[in-house]
Amino acid sequence: MSQPRTLFRTRIKFCGFTRPGDVRLACELGADAIGFVFAAGSKRRVAPEEARAMRQALAPLVDAVALFSDNPVDEVREVVRQVRPSLLQFHGNEDDAFCRGFGVPYLKAIPMGGELADQHPSALHMRYPGAAGFLFDSHAQGGSGGSGKTFDWKRIPVGVQKPFVLAGGITPDNVFEAILATLPWGVDVSSGIESAPGLKDGDKMRHFVEQVRKADCHVD
Ligand SMILES: O=C(O)c1ccccc1NCC(=O)[C@H](O)[C@H](O)COP(=O)(O)O
């Protein structure tokens with residue numbers, strides 16, 4: 001049974017932007033954070049210069065998040081220098097020392113698909129003591145994010161002390177249910193608000209935000 005969360009506001013992160021106009025619209029619609037993907041091989045990968053231009057389209061009080069997956073240290077440094085993200089998000093096998101090494105708070109993505117590694121909350125905290133929070137995503141260890149696939153939300157470890165973000169296959173049609181089922185700090189979506197990889201759809205973004213607001217007002 002979900003608990004009433006009067007006055008709670010689920011944070012919304014929209015991810016995988018490639019066009020400044022989409023960034024502006026996402027901010028107007030109520031996104032709290034905008035993600036730029038720098039992972040090799042991603043269909044949504046952007047160069048630091050492109051992300052820097054999109055960052056200038058951000059409204060005040062909206063975070064810029066830079067996503068990586070086992071990128072070399074110099075690439076991460078260059079993104080931090082050019083884009084000035086307020087948060088980093090690591091999807092690969094990076095350890096805590098690597099993630100902390102850029103002087104920017106970070107989220108560690110935890111792969112929830114395939115065989116699960118030790119996802120006990122205390123193991124997560126011990127492996128990533130410097131993490132600002134965790135992002136539970138549907139890919140398997142070594143896989144990529146942005147798949148548009150969900151995972152079994154019952155796999156989320158109970159008793160995670162840091163804020164966690166739910167990701168993986170969240171859409172305007174399932175985000176209401178997803179929030180009530182998992183009570184996350186925030187939700188993260190890429191494929192579910194797109195017309196094609198990297199191209200965001202205004203109607204889908206609007207519908208997504210409406211459904212999050214509805215979930216936040218929901219009382220059993
Ligand atoms: O989007 C990508 O292509 C990507 C590649 C490698 C690592 C991470 C990537 N994206 C992460 C995200 O966009 C989200 O954090 C998350 O995976 C949600 O994606 P989706 O299932 O498409 O909503």
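User: Hi! What share of the 220 residues of the protein count as buried?
Analyst: Of the 220 residues, 40% count as buried, meaning that 20 or more other C-beta atoms, placed from the backbone, lie within 10 Å of the residue's own. This is a predicted model, where local features need pLDDT of at least 70 and side-chain atom pairs count only at pLDDT 80 or more, while totals for chains, interfaces and linings use all residues. Residues are numbered from 1 along each chain as its sequence is written.

User: Thanks! How many helices and strands does the protein have?
Analyst: There are 7 helices and 10 strands. Helices (H or I, at least four residues) and strands (E, at least two) are DSSP runs, numbered from the N terminus.

User: And which way do the strands of the barrel pair?
Analyst: The pairing is parallel, in a closed barrel of 8 strands that runs 1-2-3-4-5-6-7-8. Two strands pair if DSSP finds at least two bridges between them.

User: Can you zoom in: how many bridges join strand 1 to strand 2?
Analyst: Strand 1 (residues 11-15) and strand 2 are joined by 3 bridges. Phe14 has Ile34 in strand 2 as its bridge partner.

User: New topic: which residues come nearest to the ligand?
Analyst: Ser42, Gly145, Gly146, Ser190 and Ser191 do, out of 26 residues around the ligand. A residue counts as near if its C-beta atom, placed from the backbone, lies within 6 Å of the molecule. Strand 2 (33-37) and strand 8 (186-189) are the elements that give two or more residues to this shell.

Key. Buried ≥ 20, exposed ≤ 12 C-beta atoms within 10 Å, placed from the backbone.
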